[in-house]
Amino acid sequence: MTEQEIIVCRCEEVTYRELNETAIKYNCTARELKLRTRAGMGYCGGRTCRPLVDKLTNSLDKENRKQITLKYQPPIRPISFGDLGGDPHE
């Protein structure tokens, strides 16, 4: 497996090659790259791939940083409703 074939976003199965080619072709910010490739839109909400997506876009466009990083969307970690309030009858 080459560096280009490494899956960056496991939830959406987005490879490093796909991210890199899309970022170069469209001169994307991190947000645009996320929207075009769906990296960071899976079950984990970008907790595993977000740092690499940010690093990739920052390394390609050092002079014109429109957006530095992607933001996290709640919930950061999924929890059950029982953990939030619990059952008062227990």
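The pLDDT of a residue is the predictor's confidence in it, on a scale from 0 to 100. In the predicted model described here, the mean pLDDT of the protein is 79, and 74% of its residues reach 70 or more. Among the elements, strand S2 (residues 14-15) has the highest confidence, with a mean of 94, while helix H4 (residues 81-85) has the lowest, with a mean of 75. Where pLDDT is low, the predicted coordinates should not be read in detail.

The protein comprises four helices and two strands, which follow one another from the N terminus in the order β-β-α-α-α-α. Of its 90 residues, 31% count as buried. Among contacts with a separation of 6 or more, 46% are made by residues 24 or more positions apart.

The packing of helix H1 (residues 16-26) on helix H3 (residues 50-60) was examined next. The axes of these two helices come within 10 Å and cross at roughly 35 degrees, and the crossing is right-handed. On the H1 side, the contact is formed by Tyr 16, Leu 19, Asn 20, Ala 23 and Ile 24, which meet Leu 52, Val 53, Leu 56 and Leu 60 of H3. Classified by residue type, this contact of H1 with H3 consists of eight nonpolar residues and one polar residue, with no charged residues.

Burial along H1 was then considered. The buried residues of this helix are Tyr 16, Leu 19, Asn 20, Thr 22 and Ala 23. These residues lie on the same side of H1, because they cover an arc of only 170 degrees around the axis. An α-helix has 3.6 residues a turn, so residues three or four places apart point the same way. The cover over the buried residues of H1 includes strand S1 (7-9), S2, helix H2 (30-37) and H3. Exposed residues Ile 24 and Lys 25 are carried on the face of H1 turned away from its buried side; Ile 24 is also one of the H1 residues that meet H3.

Helix H2 likewise has a buried set, made up of Ala 30, Leu 33, Lys 34 and Thr 37. Viewed down the axis of H2, these residues fall within an arc of 100 degrees and therefore line one face of the helix. They pack against S2, H1 and H3.

Backbone geometry was also inspected at several positions. Most residues other than glycine have a negative phi, and most peptide bonds are trans. Glu 13, although not a glycine, has a positive phi of about 55 degrees. This residue is located in the loop between S1 and S2 and, at 60% relative accessibility, counts as exposed. Arg 38 lies in the loop between H2 and H3. With a relative accessible area of 39%, Arg 38 is partly exposed, whereas Glu 13 counts as exposed.

Key
Residues are numbered from 1 along each chain as its sequence is written. This is a predicted model: local features need pLDDT of at least 70, side-chain atom pairs count only at pLDDT 80 or more; totals for chains, interfaces and linings use all residues. Side-chain values use heavy atoms; hydrogens and water are left out. Axes are lines fitted to C-alpha atoms, for helices over the stretch in contact, and angles run from 0 to 180 degrees between N-to-C directions. A crossing is left-handed if the near helix is turned anticlockwise from the far one by less than a right angle, and right-handed if clockwise. Contact means heavy atoms within 4.5 Å. Ala, Val, Leu, Ile, Met, Phe, Trp, Tyr, Cys and Pro count as nonpolar, Asp, Glu, Lys and Arg as charged, and the others, Gly among them, as polar. Buried means under 20% relative accessible area, exposed over 50%, partly exposed in between (1.4 Å probe, protein chains only). The arc is that of the directions from the helix axis to the C-beta atoms.
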